[in-house]
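I opened the notebook to record what I looked up in one model. The entries follow the order in which I consulted it.

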Amino acid sequence: MARLMTFPGTRRTRDPLDTLARIRPHLGEYGITRLADVTDLDVIGIPVVMSVRPLALTLSVSQGKGATLTHARVSAAMEAIELWHVEHAVPKAELEGVAAAELDLPYAVTALKQVDGGLLTDRTRLDWITAEILAGGETLVPRDAVQLGRSGTAWRGHHLSSSSNGLASGNTLAEATVHALYEQIERDSTAALALQPVGERDILDLDSVTDPHCADLIRLIRSAGGWLEVADASLEQWRPVKCFTASLWMPDMGTMFGGAGAHASPEIALSRAITEAAQSRLTFIAGTRDDLNPRGYLEEVVRAPDPVPPVTAWSDLTGGSDFADLTDDEELDRLVRLVTAATGIAPMRVDLTRPEAAEDFAVVKTLCPGLAFLARHDLPRPE
């Protein structure tokens, strides 16, 4: 149990400088050869760092962003470290080729995210590993719902969507799990927003934002000639957690870039959304990620989209969302209760942390059956 401290755009149990000092000695163990500051490839100035992992089984380049360059370095390094863990640190299957119908599971396996066109049933034969039920106890989960990058020799049909959704790291096991659950709440919220026409979305009045850090992010984008729109994607079932999406457009590129963030602190949720949109733009400028869609370089949007009139003032969003003075365990308990109430199923966690690194950081993968997730995390903003 550790007390959470608030920093611009985040809440952690350690100062980011301390976190960076702890993870630096481990970078080589996870194949990370470089943390490159790519902030100045763009004109906005929001810190973005690129982490390079040449021998990756999935993405060889990861990005990180933050309020400062230190925050961005930590973010980039930890994202790459997380991916290494789901490539190499997932436990071996305890049961192989067993159907869910033969097991006593507290959830329906079909409630897990499936690939498009998947034919998963409770009689599909899968490989299984143990996960902790965060409300207490243990259960089995499909290994394919955790593993990224194919491994092993036994062939299994590709039914479950293996993704980084719910994959997170932190200074402590509880902090990592908090971050993972916030991400899954964010993805569930943005999946609902994607079904809502732009004209019906609740758009934030950016001029009303009083948080100094977020106001500075907005100023940086506007000073660079950017167009920014922020929508409130919060769902009643997740109250008091707030979720925002940010849409960023600039005249020098023909692509709309998106970002999203969820947190009990509206300031942190807004910061995450805006910085992720800026990171998405810089990712295209650098052009080094393995999964970039080439259409993004071919689109021609010659003017900013027609804005939706803002209807929500910042002051209307900042009440009732105080998680201040909590420990990492206390915040985790609140999120577990929220997820359980929303889905009827307690979230599950697979701890991927290597024993030799446990004093420095933790890596987890959480599973929340019943929560929605857009496979490529698309944040559509039709013109």
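**Entry 1. Conventions**

I worked from a predicted model, in which local features need pLDDT of at least 70 and side-chain atom pairs count only at pLDDT 80 or more, while totals for chains, interfaces and linings use all residues. Residues are numbered from 1 along each chain as its sequence is written, and side-chain values use heavy atoms, with hydrogens and water left out. I took helices (H or I, at least four residues) and strands (E, at least two) as DSSP runs, numbered from the N terminus.

**Entry 2. Helices α1 and α2**

I looked up the packing of α1 on α2 and found an angle of about 40°, with the axes 9 Å apart. Axes here are lines fitted to C-alpha atoms, for helices over the stretch in contact, and angles run from 0 to 180 degrees between N-to-C directions. The angle makes α1 oblique to α2; under 35 degrees counts as roughly parallel, over 145 as roughly antiparallel, 65 to 115 as roughly perpendicular, and the rest as oblique. I noted the crossing as left-handed, meaning that the near helix is turned anticlockwise from the far one by less than a right angle (clockwise would be right-handed).

I then listed the contact (heavy atoms within 4.5 Å): P16, L17, T19, L20 and I23 of α1 meet T70, H71, R73, V74, A77 and M78 of α2. I sorted these residues into seven nonpolar, three polar and one charged. For the classes, Ala, Val, Leu, Ile, Met, Phe, Trp, Tyr, Cys and Pro count as nonpolar, Asp, Glu, Lys and Arg as charged, and the others, Gly among them, as polar.

**Entry 3. Helices α3 and α6**

I turned to α3 (residues 173-193) and α6 (residues 328-343), which pack at about 30° with their axes 9 Å apart. That makes α3 roughly parallel to α6. Their crossing is left-handed. From α3, the contact takes A174, E175, T177, V178, L181, Y182 and I185; from α6, it takes D328, D329, E331, L332, L335, V336 and V339. I recorded nine nonpolar, one polar and four charged residues in this contact.

**Entry 4. Helices α4 and α5**

For α4 (residues 212-223) and α5 (residues 266-286), I read axes that come within 9 Å and cross at roughly 20°. The two helices are therefore roughly parallel to each other, and α4 passes α5 in a left-handed crossing. H213, C214, L217, I218 and I221 of α4 make the contact with E267, L270, S271, I274 and T275 of α5. By class, I have six nonpolar, three polar and one charged.

**Entry 5. Nonpolar cores**

Which residues of the largest nonpolar core touch the most other members? I found I81, Y107, W128, V141, V146, L352 and F361, out of 47 residues. A nonpolar core is a set of buried Ala, Val, Leu, Ile, Met, Phe, Trp, Tyr and Cys residues joined through side-chain atoms within 4.5 Å, where buried means under 20% relative accessible area, exposed over 50% and partly exposed in between (1.4 Å probe, protein chains only). Elements that each supply at least two residues include α1 (16-23), β7 (125-133), β8 (138-142) and β15 (362-367). Helix α2 gives the most, with ten residues.

I also checked V141: beyond four places in sequence, V141 touches Y107, D127, W128, I129, A131, V146, M348, V350 and L367. A second, separate core of 24 residues includes V178, L181, V339 and C368.

I located T139 in strand β8 and read 7% relative accessibility, so T139 counts as buried. Leaving aside neighbours within four places, T139 is in contact with residues including L105, P106, Y107 and M348.

I placed H85 in helix α2, where H85 is buried at 1% relative accessibility. With residues up to four places away not counted, H85 touches Y30, V90, L352, R354, F361 and V363.

I found L148 in the loop between β8 and β9 (167-170), buried with a relative accessible area of 11%. L148 and S163 lie 15 residues apart in sequence and 6.8 Å apart in space, C-alpha to C-alpha.

**Entry 6. A cis peptide bond**

Most peptide bonds are trans. I noted that the bond from R239 to P240 is cis, with omega near 15°. P240 sits in the loop between β11 (227-232) and β12 (242-249).
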